[in-house]
Every structure is written in C-alpha cells, then in structure tokens.
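Dear colleague,

Please find below the sequence and the structure that I am handing over to you. My findings follow directly after them.

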Amino acid sequence: MSGILYLAWRHAAAHRARTSLLVACVALALWVPWTAGALAGQYDQALRSRAAETPLIIGAPGNRYDLTLAALYFRPSQLETIPYQELERLQEGGRATFIPLHMRFTARGYPIVATSVEYAEFRGLQPAEGRHALRLGEVALGADVAAALGLRAGDALLSDPTELYDISRPPALKMRVAGVYPPAGTPDDGAVFCDVRTAWVLEGIAHGHAPAEEIDEALVLSRADESVAVSGALMEYAEVTEENEGSFHYHGDTALLPLSAVLALPASRKDGTLLKSAVNAEGSFQAVTPAAVIGDLLGVVFRIKAFFDLVGVFLLGTTALLVSLVFLLSSRLRGAEMRTLDRIGAPRRVGAGLIGIEAALVLLLAGALAGGATAATLRWLPDLVSTF
Amino acid sequence: MGTAHLVLISALLLAGCSDHGATTSSPTGFPSGGGELRPVVAVASGPAELLAAAAVGPERVERVAPEGAPLDRWRPDDDALDAMVSARRVLVLGDEAEPWLQRAGLPPSRTVRLDAAIPEASWIEVGSFAHTHGGGESHTHGGVVAEAWTDPALLRAMAQRTRGQLGAVLGEGEASAPAWTLGARIDAYADELDALAEALDGRALIATHHGMEYLCRAAGIRLEVTELELDGGGSHPNDDAVRRLAELAGQEGAHAGVLVWPGPLDSAFAEKARQELGLRSVDFDLGASLAGSDTLTRLTQSTARLRAAIAPE
Amino acid sequence: MSSDAASPLRTGADLRGVSFAYSRTDGTRPFRLEIEELCLAPGEAAAVIGPSGSGKTTLVHLCAGILVPKTGEVSVGGVRLDRLSDGERRRERARQVGLVFQEFELLDYLSALDNILVPLRIRGANRAELRSGRARATELAAAVGIADLLGRLPAQLSQGERQRVAIARALVTDPALVLCDEPTGNLDPEAASHAVDLLLQQARARGAALLMVTHDHGLLDRFDRVIDVTTLARGAGSGGPNE
C-alpha cells in the first residue's frame with residue numbers, strides 16, 4: 001500500500017498546479033461553511049452567555065428587544081428613561097443588587113455607559129491600569145477603546161456633542177481617563193464607562209459654573225432676594241477639575257434623574273422571580289430576563305440561517321461533484337498508465353487505489369488548509385460580539 | 001465567491017443555532033455586601049460614625065475623612081474613594097450635609113443614606129436661592145437645613161434605619177451586633193435639651209447659623225438666626241446680618257443674652273458682640289465632623305455648656 | 001499458491017499442452033493458440049516471430065500470467081501460474097517476470113530511478129527490499145549506461161535512454177523470465193541492435209530466460225533460438241537454436 005501511496009503522492013506532486021487548484025477549491029468550499037459555522041456558534045454562544053450572566057433588566061415599558069440589546073450590548077436606541085428614585089425604591093426592597101445604566105451619549109463614537117462601580121464588579125472588570133471612574137467627569141475605558149484611541153490613564157477624552165445650538169452649554173465635556181480595563185472579549189471592551197452622575201452632566205441636568213453671587217453683572221438679567229436670572233452667555237464648565245468640582249450641582253430633585261435601565265442581580269432565584277413579577281405586575285416599568293429575550297431573538301433568525309446552511313450544503317455538493325469530475329477525467333487520461341501497471345503485476349484495481357489515494361490526499365490537504373484558514377479567521381476577525 | 005461571501009456574512013448577521021436551549025437566569029454570584037469587600041462601614045461624618053458604631057461596633061467603622069474636616073467643604077481623595085468603594089457599606093448623611101456625594105461615584109447598593117430616614121415634612125427649609133441661565137429651567141441652591149441629626153426624634157429614626165441597613169455588614173460567623181445603648185444616650189441628650197428649654201424659659205436663642213434649627217424645634221426653643229457668614233478667619237461680616245443682630249440684641253428680655261456659634265467662632269466679632277451688643281458668644285458643636293468624641297457626646301456637652309452660659313434673668 | 005505449484009529449482013518458462021482461444025469481435029473464426037511444449041532454460045534467449053495476428057503477444061501474455069490458458073500448464077520460475085488465483089498471479093508476475101514493451105510505457109511523473117523501482121513498489125516492497133532494490137537499480141542503470149540520468153523524468157530522456165530505463169525496470173526484481181514485446185519497434189536499427197545486445201547481455205548475466213517478440217529478422221542470429229509461433233502446435237517450441 002505504501003508503494004501505491006508513494007505513486008499517488010508523486011503524481012499529485014508532479015501535477016502541482018492541478019493539485020493546488022483542487023486543494024484550493026475544496027479548501028474554499030470547506031472554509032466558508034466551517035468559518036461561518038464556527039463564527040455563528042461563537043457569536044451565538046457569546047450572545048447567550050452574556051444574556052445568561054445577566055439575570056434581570058428593568059426598564060421603561062417598550063420594546064423588550066431594544067431594552068435588552070441596549071443594556072447588554074450597548075446598542076444605540078431611544079429608550080424611555082426611568083427615574084433614579086426607582087432604583088432606590090427597588091434597592092429598599094432588598095431582593096437584589098441594582099446597577100444603574102445610562103446609555104445616551106458617545107465619545108469619539110464609542111458608547112458612554114454611565115453606571116456605578118458595581119457594574120465593573122459584576123462583569124469582573126478590574127482596571128489594568130489606573131482605577132475605576134469614581135469621580136464626576138472621569139471615565140474608565142474598555143480595552144478596545146483605549147487601544148483604538150491610544151489613550152491611557154491620565155489622558156483626556158471629549159464627549160461627542162449632542163446639542164450644537166445651545167450656546168450656554170459646552171459642546172463637549174472633557175473627561176479625564178481614570179483607568180483602562182483589560183480585554184474581556186465582550187461588548188465592555190468597546191465602551192467608555194463613567195459614573196451615572198457624569199451622564200447627568202452630559203444631559204445638562206447637572207452642571208458647574210461660577211457662583212451666582214460672583215457672576216459678572218453684565219450677564220445678570222435680573223436679580224431678586226432669592227433668585228437671579230443669568231444670560232445664556234454664562235458658560236458652564238466644560239471640564240471637571242479639582243478646583244471647579246465643588247461648583248457642579250444638579251437641577252431639581254436628584255431622585256428624578258434619568259436612567260436608561262437597571263440591571264438587577266437577585267440574591268436568589270426566588271428573589272428574581274418575585275422581583276420580576278412584582279415589577280411587571282405594577283406596570284410602570286418592565287422587568288425582562290435577557291436569556292429569554294435573546295433566545296427568542298435568535299429563534300426568529302434561525303430559520304433564515306437554516307436557509308444559508310442549505311446554500312452551504314449545495315456549495316459543498318457542487319464542489320464535490322466538480323472535484324469528482326476532475327478525478328474521473330484524470331482516470332481516463334491515465335488509462336495507459338493503469339494498463340502498464342496492471343501488466344507489470346500491480347494488484348487489481350490499482351487505478352482506483354491511485355485515484356482514491358490522490359483524492360484523499362487532496363481532501364486531507366484541503367481540510368488542513370481550510371482548518372488553518374478557519375482558525376486564522378477566528379483569530380484575526382474583529383470580535384463580532386463586542387461590536388454587535 | 002459571491003455566493004460564499006453572502007453565505008458567510010449572512011450567517012454571521014443572522015446567526016442562530018438550535019443546539020443551545022434558552023437558559024433561565026440564575027442567582028448571581030455577585031458579591032453584594034460580602035465577598036472581597038472589607039467588612040467595615042466607611043463614614044465621613046460624625047453622625048454616621050455614631051450610628052454605625054452603635055449598629056456594628058466601633059471596630060467595624062472606618063473613618064475616610066480626617067478629623068475636623070468641614071462636611072460642607074470636604075472632598076474625598078482617591079484613597080478615601082477606594083476605601084469607600086471597597087467597604088461593605090458606606091454610611092452617609094445625604095447630599096445636603098455632604099455635598100461631595102453629588103460628585104463621587106459610590107456604589108448605590110452599598111451606600112446607606114441617612115436622609116432617607118427623615119420624613120419629607122420634617123425637613124426645615126430656609127431661604128433658597130433660585131437662578132436660571134441659558135436655556136435651562138430655573139433651579140434652586142440651598143434651602144434645606146442639613147443638621148437633622150440634632151433632633152433626638154430624627155436621630156432615633158436615623159439610628160433605626162442604620163441598624164436595619166447595616167445588618168449585612170456582619171456576615172455569618174463574624175461578630176454580632178453590639179448591645180444597643182444608643183437609645184438611652186439619645187434620651188439623655190433629649191433631657192438635656194429639655195433642661196436647656198426650661199432654662200431659657202421662653203427666651204430666644206440668637207445663633208449665627210441655621211444648624212441649631214432642629215434641636216431648637218425639638219425642644220420648643222425660639223431661635224433667631226443671623227447669617228453672619230463668618231468663617232473665623234477675620235473676614236468682614238455681612239452688614240445686613242450685623243444690623244439684624246443689633247436689632248435682636250436690642251430686644252432685652254426676649255433673648256438669653258448669648259450668641260450661639262454652631263460653626264467656627266470668630267473671636268474678633270465675638271469680642272465686638274460682647275462689648276457693643278452685650279451678647280456672650282458660645283461655641284456649639286453640632287457634631288457634624290469627625291472628632292475625638294462622638295457626635296452625641298459633643299451635642300450633649302454643647303447643650304449643657306449652653307445651658308450653663310445662659311445669663312440668669 | 002499451492003505447494004506443488006512452486007519448485008525449489010529455478011527454471012525459466014515451461015508451457016505444456018497449452019490451449020487458448022477467444023472469439024473475435026469482427027465475426028471471423030475464433031482465435032486459437034495451441035502450444036504442445038515450450039521450454040526456456042534459465043539464461044536462454046528466444047526470439048518469437050510470426051505474422052501479425054498469429055499469437056505472438058498472446059504467447060507473451062500467457063507466459064506472463066496475464067492470460068490463463070483453457071488447458072495446459074504454464075510455469076515460470078518453477079511456479080505453476082495456471083493454478084494461481086488472479087491476485088497470486090499478479091504477485092508472481094511482479095516477482096518473477098520482467099516486461100519490456102514496445103512503447104516502453106514509463107510513468108511520466110516518475111524519475112528514471114522511480115520508474116525502475118515501480119515493480120517493487122506495486123508489489124508492496126518493504127523498506128529493506130526497497131533499499132536493496134535501489135542499490136540494484138543503480139547497478140543496473142550503470143550497466144545500461146544511464147547512471148547519470150536517474151533523476152530525470154522520461155520527458156527529459158531520449159528514446160534510447162527510455163528504452164534502457166525500461167530494460168532496467170524489467171530486470172530490477174531479478175526475474176526468472178524477461179518478456180519483450182517488440183521492444184525495438186520504435187528505435188532506429190543501430191539503437192535497436194544495441195538495445196537487443198544490452199537485453200541479452202543483462203538477461204544472461206542474471207540467469208533470466210528471455211523471450212522477445214520481434215519483426216526484425218536481422219537480429220535473430222543473436223538469440224539462442226527462434227520460435228515461429230505458427231509452429232508451436234507441432235512442438236516447434238522445443239526446437240533447436242536458430243531453427
């Protein structure tokens with residue numbers, strides 16, 4: 001058998017161009033479904049695992065897919081807000097740990113996820129350098145953001161302007177990078193984290209400016225015993241510094257400050273069930289189980305994916321038929337060679353053996369090539385889940 | 001390759017695999033109130049320290065602000081923030097008493113606010129300052145007197161909340177809560193306030209600061225406040241406030257003949273008030289900041305000292 | 001292989017009472033080949049002549065075990081091929097018989113050395129057999145004058161060189177019988193003469209019986225005997241040299 005193997009190998013090696021072409025064709029036909037399958041599996045697994053890791057999301061009534069995708073993957077969406085006091089009210093119930101989330105702004109195109117330090121603890125994010133963003137105007141960067149923008153702890157990052165025509169508000173807030181998180185392979189890598197209070201500054205609900213009694217009289221429109229109206233020309237601070245930090249304050253009741261969602265981490269499964277039913281029964285807000293929502297979402301697209309699986313099967317089948325045709329024609333062309341071997345004393349069906357072994361060699365090489373290409377693709381393709 | 005490309009992209013965008021069933025949520029392993037957090041209660045104010053020590057024992061209370069740091073101006077440094085974030089609980093008075101809370105990212109699930117124990121109606125409002133600028137709505141600064149803990153009844157409410165909220169700090173196998181003696185001490189303080197009211201016999205107290213509002217209300221003491229806005233550093237007092245003080249001092253028999261300084265005492269002005277207005281200045285420690293002794297001790301002692309200082313009729 | 005099919009003594013080829021026939025597709029009367037007796041001693045060289053269609057190639061195929069007679073005995077190297085199964089005959093052919101074809105029939109994707117070693121490879125020779133085979137191939141290549149050409153592909157060789165590679169391939173297994181079917185048909189007279197000399201010389205040197213089909217009557221005097229395939233039925237196969 002080794003003699004036949006050698007002859008097959010020599011034939012394949014002697015016809016390098018043909019063999020390479022066959023290997024490339026088969027490898028390509030294998031690489032496409034393998035890579036798509038592996039990526040889809042990885043993607044699916046990552047989507048589901050992040051959803052499964054997050055027990056409950058509470059938000060304003062509305063599209064539960066939007067709420068879930070925004071809270072888990074920071075997908076831009078126009079979520080209705082819930083007041084901060086709702087988090088405090090839930091917290092009083094003691095059934096879970098509640099983590100605030102506010103996601104309306106971006107910085108250099110990356111989502112600003114305003115939350116609390118419990119979020120980092122929950123997701124296992126420990127700063128690789130610097131510290132968590134604990135102060136007003138501070139941010140901690142996901143690994144991808146830091147790498148893409150070349151930022152380190154101590155650098156500054158400008159928020160993206162949202163209200164270009166309000167001249168009284170700074171176009172952007174200059175935020176200090178307090179720390180950088182290590183790569184987590186999740187959407188957290190592509191986010192800019194800050195405390196919720198910083199988001200309220202971005203909202204314009206909190207701001208800092210010179211004390212009212214020190215304001216240039218030219219900017220004072222009217223002044224009474226207990227009130228003063230100031231011109232819009234009074235500029236608010238565009239950066240929180242150690243010197244001006246004390247001047248930052250909120251308008252109105254802090255309890256009513258907006259949140260996009262609240263992550264709930266129940267103390268037990270029972271607490272989770274009771275909490276979810278209580279929130280949903282009350283009706284003012286909705287509590288969703290991310291795993292179920294993502295399961296529904298992936299279930300909907302599964303049938304479409306099945307169609308593409310079928311296309312992949314057809315692609316493979318077509319390639320297999322074409323490769324078979326090549327070998328069939330090759331066996332015809334090699335008829336004289338087969339007769340010679342037969343007359344010299346080669347075993348019966350030596351021709352089929354030679355063709356079969358050569359085909360097997362081609363498949364083996366193509367499989368190895370497709371496997372390597374698949375591995376390389378999975379290694380080098382940007383993490384799809386983190387950019388979901 | 002066009003078809004192959006389409007298959008790849010579409011599969012990625014529309015990926016879904018049937019071999020993974022939807023999983024149900026499970027209780028999280030998130031270390032709420034335990035895990036790697038230090039089993040201490042972090043405090044930055046005297047009242048928080050008093051109540052936390054009573055609830056979990058003084059050995060489990062960690063100061064994050066230096067002794068004597070004024071509550072309304074203190075700003076936690078990075079070490080103080082780290083200490084608070086890594087503590088199982090942070091006990092704070094609220095934004096009014098501790099303005100730094102508006103600018104620090106404390107973990108909500110581990111932060112216990114004492115102002116939540118105060119009924120809305122119990123807050124004392126004083127002159128607020130509203131202003132508008134830019135396209136924003138009018139908003140208000142100041143307005144609520146922060147020193148609610150000086151009212152024995154409100155201090156009891158805060159103590160009650162503290163006991164309930166700090167229970168999780170003591171994990172299984174850790175030390176049990178200390179004996180509850182705070183109630184008796186608050187009673188003693190209330191008695192001292194009553195004694196002060198009795199000594200005043202309807203005369204008003206003149207104070208430089210609204211911080212005395214709650215204890216006066218609790219004891220039924222009439223309080224006249226002149227917002228002198230002196231910081232003890234030799235600054236010039238506000239003229240209107242001085243005029244007001246002179247008016248009050250002129251109403252002989254209506255006041256106790258003392259000028260109470262709940263904030264830092266300005267020696268120069270105190271001397272001037274004594275000579276020109278006949279008002280004896282008395283320092284009153286409201287117990288807001290961290291100090292050598294606890295808030296209740298300082299409040300009780302201040303009350304007793306004030307009673308002793310009241311000029312006999 | 002049955003035990004009585006093998007003989008301890010090495011012999012060339014021995015055909016006795018052989019009868020072979022098949023129907024023709026063109027409707028003419030069936031082809032028949034009768035061989036009363038044909039013996040080739042080790043080292044003996046015989047030329048086979050006869051008109052086209054008389055059965056020269058059939059005789060070669062019968063001797064090689066490619067064809068099996070209806071009746072009669074065919075022995076090569078003392079082994080009764082007619083008693084063996086197809087697989088056994090193939091193995092015996094690869095071991096005992098060297099074949100040289102008119103078109104040489106080298107494998108175009110193998111070097112000259114690999115072509116020489118083909119009979120060993122197809123019979124599944126192990127490492128040791130291949131090693132000794134490679135040594136024998138080198139020695140044969142030197143003997144036939146292609147020692148420097150072993151790395152070349154057939155396309156890189158001249159007709160004469162390819163012929164020598166084919167001769168070396170036929171002899172590499174050290175066969176009992178070398179069968180040549182018009183091996184000089186594609187060579188010019190001088191090269192043909194040289195090739196026949198080479199074949200005879202190498203076969204004799206290795207003690208192999210040689211049976212060569214040829215139309216070139218100018219070469220016949222170099223053989224020990226000449227066999228006219230049309231006379232085999234009368235026992236001409238056992239006739240004397242250069243009959």
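**The sheets of chain C**

In chain C, four strands make up an open sheet in the order 2-1-4-5, with antiparallel pairing. Strand 2 (31-40) and strand 5 (79-80) of chain C stand at its edges; each has a single partner strand, so one side of each is left without a neighbour in the sheet. Please keep in mind throughout that this is a predicted model.

Within this sheet, strand 1 (residues 13-22) and strand 4 (residues 71-76) of chain C are paired in the antiparallel sense over five bridges. R16(C) has E73(C), in strand 4 of chain C, as its bridge partner. Helix 1 (residues 56-64) of chain C packs on the sheet and touches strand 1, strand 2 and strand 4 of chain C. The direction of this helix makes about 120 degrees with that of strand 1 of chain C.

Chain C also holds an open sheet of five strands, in the order 6-7-8-3-9, and here the pairing is parallel. Its edge strands are strand 6 and strand 9 (225-228) of chain C, each of which pairs on one side only. On average, neighbouring strands of this sheet are turned by 20 degrees against each other, direction ignored. Strand 3 (residues 45-49) and strand 8 (residues 209-213) of chain C pair in the parallel sense over four bridges. Opposite A45(C) stands L210(C), in strand 8 of chain C.

In total, the secondary structure of chain C comes to seven helices and nine strands. Chain C has 243 residues, of which 44% count as buried. Among its contacts between residues at least 6 apart in sequence, 74% join residues at least 24 apart.

**A loop in chain C with positive phi values**

The loop between strand 6 and helix 3 (112-116) of chain C contains F104(C), and E105(C) also has its place in the loop between strand 6 and helix 3 of chain C. Phi of F104(C) is near 70 degrees, a positive value in a residue other than glycine. For E105(C), likewise a residue other than glycine, phi is positive and near 55 degrees. Are these residues buried or exposed? F104(C) has 21 other C-beta atoms within 10 Å and is therefore buried, the cut-off being 20 or more. E105(C), with 21 C-beta neighbours inside 10 Å, counts as buried as well.

**Where chain A meets chain C**

The contact takes 18 residues from chain A and 20 residues from chain C. On the side of chain A that touches chain C, the elements giving two or more residues are helix 1 (2-14) and helix 10 (335-344) of chain A. Helix 1 of chain A supplies the largest share of that side, seven residues. By type, the residues of the side of chain A that touches chain C divide into nine nonpolar, five polar and four charged.

Just after helix 10 of chain A, G345(A) takes a positive phi of about 125 degrees.

**The nonpolar cores**

The largest nonpolar core has 174 residues, and those with the most contacts inside it are V139(A), V192(A), V262(A), V41(B) and V260(B). Helix 2 (residues 16-53) of chain A gives the most to this core, with 16 residues. A second, separate core of 79 residues includes A46(C), A64(C), L81(C) and V165(C). Leaving aside neighbours within four places in sequence, V260(B) is in contact with L205(B), I206(B), A207(B), M212(B), V282(B), F284(B) and L306(B).

Chain B has nine helices and 10 strands. Of its 313 residues, 45% count as buried. Among contacts in chain B between residues at least 6 apart in sequence, 61% join residues at least 24 apart.

In chain A, R269(A) is found in helix 8 (residues 269-282). R269(A) has 13 C-beta neighbours inside 10 Å and so counts as partly exposed. The C-alpha atoms of R269(A) and P55(A) are separated by 9.0 Å, although these residues are 214 residues apart along the chain.

With kind regards

Note on methods
Residues numbered from 1 in each chain as written. Chains lettered and ligands numbered in written order. Predicted model: local features only at pLDDT ≥ 70, side-chain atom pairs only at ≥ 80, totals over all residues. Core = buried A, V, L, I, M, F, W, Y, C linked by C-beta atoms within 7 Å. Buried ≥ 20, exposed ≤ 12 C-beta atoms within 10 Å, placed from the backbone. Contact = placed C-beta atoms within 7 Å. Nonpolar A, V, L, I, M, F, W, Y, C, P; charged D, E, K, R; others polar. Pairing = 2+ DSSP bridges. Axes fitted to C-alpha atoms, helices over the stretch in contact; angles between N-to-C directions.
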